[in-house]
Amino acid sequence: MAFNRAQILAISLVFIGCCTNVVTLEVIIKQAKGAGNLVTFAQFLLIAVEGIVITSRFFTRDTVIPLKYYGGLVVLYFFVSVFNNYVLRFDVGMPLILVFRGSSLVANLILGILILKKQYSLSKYLSVMLITAGISLCTIVSGKSLQSSSNSEGDFSTWLIGIAMLVFALFVSALMGVYQEVLYKKYGKQPREAMLWTHLMPLPGFLMLSNDIVQQASIFSQSEPMSVFSFSVPNLWVMLVANILTQYVCIRGVFYLTTACPSLTVTLIITLRKFVSLIFSIYFFRNPFTLYHWIGTACVFGGTLLFAEVLRLPGSSKPSVKKE
């Protein structure tokens, strides 16, 4: 498969931006486990400011989708973002979080059936079963590993709460996708506009988290200093700047990717990106990952590629007609 310059640029932005973003986040979390809300607030603020300047031209452009319809989307997005931040405080390892996020198709299929009354082909159900088996295996192995290494039942109970939160956030995120799909069917796809308002409108909600954000900012200021252009700067603030900039590059890269590449290529690149992020997390941060974790991970990503028909079942020579 040959890629043109635009596609190569988009793919490069996705891999560089998204993978580096995961690394900077884990560097931050290793030093300040509760920093998620501060990081999320900074990311939302940067993307909102960029959207005000570039997308809305300082609110001089009318929205295609009426603002009142963004309300539900904004609430769900803010809730998922904050909820995922608190998962980091419940001793759930970053590799397992990445595997869980790679299994979002399970929740998407279930809600698609229940809410949108969709029908799926046999290969879709098989792929979701494969993903479910993979995530279950990774979770069970991680749980047993924690039980054997933990000195108290409290640590394992805390971990179980984190897993339950991850599953809940997965389904709320899928619900957000359903809501977004309904809006796009009515008004057409408006990714830039949606990105602006889903990051701008939740900003007042961070007032509820202000005490936590101020506390984490204090921890950041007390972190080990590092030299930046001959200036001594607390390293966590440097990592935060790197994180929000790479988050922006990641989002822009995905946006360019969806406009420059076919949908199957997009799915393949995004799946490979998640896998590379997982490799980085395991290699650079020495996170435990056994053979069973690798088998489960292969099931999750293999099922994802099967769902998107990048991989096909034996005997099928071409992608099946989508019923959904």
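Predicted model: local features only at pLDDT ≥ 70, side-chain atom pairs only at ≥ 80, totals over all residues.
Residues are numbered from 1 along each chain as its sequence is written. Local features need pLDDT of at least 70 and side-chain atom pairs count only at pLDDT 80 or more, while totals for chains, interfaces and linings use all residues; side-chain values use heavy atoms, with hydrogens and water left out.

**View 1. Cys18 and Cys250 form a disulfide.** Their sulfur atoms are 1.9 Å apart, and a disulfide here is a pair of cysteine sulfur atoms within 2.5 Å. The count by this rule is 1 disulfide. The torsion about its S-S bond is about 85°, so the disulfide is right-handed. Cys18 lies in helix α1 (residues 5-31) and Cys250 in helix α10 (residues 235-260), so the pair ties together parts 232 residues apart in sequence. Helices are DSSP runs (H or I, at least four residues), numbered from the N terminus.

View 2. Cys19 is buried, with a relative accessible area of 2%; buried means under 20% relative accessible area (1.4 Å probe, protein chains only).

**View 3. Cys138 is in no disulfide either.** The nearest cysteine sulfur, that of Cys299, is 8.2 Å away. At 1% relative accessibility, Cys138 counts as buried.

**View 4. Helix α3 covers residues 70-87.** Its 18 residues should span 26 Å, and its end C-alpha atoms are 26 Å apart, which agrees; the expected span is 1.5 Å times one less than the number of residues. Among the buried residues of α3 are Tyr70, Leu73, Phe78 and Val87.

Definitions and conventions. Helix = DSSP H or I, 4+ residues; strand = E, 2+ residues; numbered from the N terminus. Buried < 20%, exposed > 50% of the residue type's maximum accessible area, 1.4 Å probe, protein only.
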